[in-house]
Amino acid sequence: MRTLHKRLLYLLYAALILIFFLYFLFPSNKIKQYIAYKVHEARPGLTLDIEEVSPVLPPGLTLSAVDLAEGNRLLVEFDRVKVTPRLLSLTGDLPTFAFQGAAYGGVTEGIMTLRKSDGEPAAADVTFSGIRTQQITALQQLSPHTLSGILNGRIVYTSEGTGDVAEATLALLDGAVNLNPPLFSIEQLTFTEINAKLTLRNRQALEISEGVVKGNELGGRISGT
């Protein structure tokens, strides 16, 4: 029994030493540069900025302060993102990664599959909840009017030989639109809920199959392309 205890202690000691050196000698800068390079290689117009990369268990990476931009336009900001590969998928042509992120006061999680040949996403399934739209810089830059509310939803993306398709189901709750300039002396319009089902094909044609706005001051339906 003593021999078994000694072996267990030695194994524990070795594991702690390994974790210590992996964490403190982890090549954070090189990993950041590599990830940013692969993103730019897959989409030349995109730039990725990461403040820090650190290892986590089970095997994966935590990315802190992640900003994705296209030219001078900021697309998305994450406080942190944890990425965990599906280890068995790494040997094939379609490596798959699970991720969890914190952004805009909410939570995002999902699964993404990449093509090894070009680094492009082949499929993705993303859900998010508690997103505060007033904190999304890219959204607020689209219009002089300010949109606020809590956004929940899901986006499913697939890419095949015929093109790519992104399908989204969105719900925006307890929202308001601050008008700038005011419209007929109305400075703000409020709503209780907006539900929408959207399909984006080949990043060009956006189809709205269902768009419903509910509220005392703002209400209606919209659909079309």
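Reader: Is Glu120 buried or exposed?
Author: Keep in mind that this is a predicted model. The cut-off for buried is under 20% relative accessible area. Glu120 comes out at 14% relative accessibility, so it counts as buried.

Reader: Which side chain does Glu120 meet in a salt bridge?
Author: Glu120 sits in the loop between strand S5 (106-114) and strand S6 (121-132). Its partner is in the loop between helix H2 (28-42) and strand S1 (46-56), 77 residues apart from Glu120. The N to O distance is 3.0 Å, and the partner is Arg43.

Reader: And how does Arg43 count, with its 24% relative accessibility?
Author: Buried would need a value under 20%, and exposed one over 50%. Arg43 has 24%, which lies in between, so it counts as partly exposed.

Reader: How many residues apart in sequence are Asp164 and Arg203?
Author: These two form a salt bridge, with their closest N and O atoms 3.0 Å apart. Asp164 lies in strand S8 (residues 163-183), while Arg203 is in the loop between strand S9 (186-201) and strand S10 (205-214). The pair therefore ties together parts whose separation in sequence is 39 residues.

Technical notes
Residues are numbered from 1 along each chain as its sequence is written. This is a predicted model: local features need pLDDT of at least 70, side-chain atom pairs count only at pLDDT 80 or more; totals for chains, interfaces and linings use all residues. Side-chain values use heavy atoms; hydrogens and water are left out. A salt bridge is a side-chain nitrogen of Lys or Arg within 4 Å of a carboxyl oxygen of Asp or Glu. Helices (H or I, at least four residues) and strands (E, at least two) are DSSP runs, numbered from the N terminus. Buried means under 20% relative accessible area, exposed over 50%, partly exposed in between (1.4 Å probe, protein chains only).
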